[in-house]
Amino acid sequence: MKIEVPDNVKYVGKEAFLDAKSLVNVKLSPNMNYLGKGAFRGCINLKDVEISSYIEVINEETFKGCVSLNMVELPTSLKAIRKNAFDGVGNNCKMKVSNNT
């Protein structure tokens, strides 16, 4: 399953997609400015994530246990990655800094 978060959504709450096994791709709203703690924790089939250009912090355990994660596009606005944000992701996970909008 692919999710494209609509432009009017400003945040993803704590554990919003916790253990969503069918989730494979996520493209966050370009207007999003907050990802809650553990928002995608345990999404074992999640492969690709495109993060909004307004996100400044990736909170604790946001992608913890996403063992299939291959690619994360990080915005240039990113200022901090909190503890265990990517704990347990696959060894082949690549992170790319992009100037997405």
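How many disulfides does a search of the whole structure find? I got zero, with a disulfide taken as a pair of cysteine sulfur atoms within 2.5 Å.

**Ground rules**

I'm working on a predicted model, where local features need pLDDT of at least 70, side-chain atom pairs count only at pLDDT 80 or more, and totals for chains, interfaces and linings use all residues. Residues are numbered from 1 along each chain as its sequence is written, and side-chain values use heavy atoms, with hydrogens and water left out.

**Entry: cysteines**

I looked at Cys 66 and found its closest cysteine sulfur in Cys 43, at 5.1 Å, which is too far for a bond. Cys 66 is buried, with a relative accessible area of 0%. My cut-offs there: buried is under 20% relative accessible area, exposed is over 50%, and partly exposed is in between (1.4 Å probe, protein chains only). Cys 93 is in no disulfide either, since the nearest cysteine sulfur, that of Cys 66, is 9.1 Å away. I have Cys 93 down as buried at 18% relative accessibility.

**Entry: aromatic rings**

I paired rings of Phe, Tyr and Trp (its six-membered ring) if their centres lie within 6.5 Å, calling planes under 30 degrees apart stacked, over 60 edge-to-face and the rest tilted. That gave me three aromatic pairs. One of them is Phe 17 with Phe 40: the centres are 5.1 Å apart and the planes at 0°, so I call this pair stacked. Phe 17 is in the loop between β2 (11–12) and β3 (25–27), while Phe 40 is in the loop between β4 (34–35) and β5 (48–50), so the pair links distant parts of the chain, 23 residues apart. For the element names, helices (H or I, at least four residues) and strands (E, at least two) are DSSP runs, numbered from the N terminus.

Phe 63 sits in the loop between β6 (57–58) and β7 (71–75) and Phe 86 in the loop between β8 (80–81) and β9 (94–98), so parts that are 23 residues apart in sequence are tied together. Phe 63 is buried at 0% relative accessibility, and Phe 86 is buried at 13%. Phe 17, Phe 40, Phe 63 and Phe 86 form one aromatic cluster.

**Entry: Thr 62**

I found Thr 62 in the loop between β6 and β7, buried at 0% relative accessibility. Its side chain reaches the backbone oxygen of Asn 59 at 2.6 Å. I then listed contacts (heavy atoms within 4.5 Å). Leaving aside neighbours within four places in sequence, Thr 62 is in contact with residues including Phe 40, Arg 41 and Ala 85.

**Entry: salt bridges**

How many salt bridges does a search of the whole structure find? I got seven, requiring a side-chain nitrogen of Lys or Arg within 4 Å of a carboxyl oxygen of Asp or Glu. Arg 41 turned up with Glu 15, the closest N and O atoms being 2.7 Å apart. Those two come from the loop between β4 and β5 (Arg 41) and the loop between β2 and β3 (Glu 15), 26 residues apart. Glu 15 is partly exposed at 30% relative accessibility.

Arg 41 also bridges to Glu 61, with closest N and O atoms 2.5 Å apart. Glu 61 is in the loop between β6 and β7, so this pair ties together parts that are 20 residues apart in sequence. Glu 61 is buried at 16%. I traced a network of salt bridges linking Glu 15, Arg 41, Glu 61, Lys 64 and Asp 87.

I also noted Lys 79 with Glu 56, closest N and O atoms 3.7 Å apart. Lys 79 is exposed at 65%, and Glu 56 is partly exposed at 40%.

**Entry: strands**

I counted two strands as paired if DSSP finds at least two bridges between them. β5 and β7 run parallel, joined by three bridges, and Glu 50 stands opposite Glu 73 in β7. β7 and β9 also run parallel, joined by five bridges, and there I found Leu 74 opposite Val 97 in β9.

Note on methods:
Polar contact = N/O pair within 3.5 Å; in protein donor to acceptor, adjacent residues only side chain to side chain.
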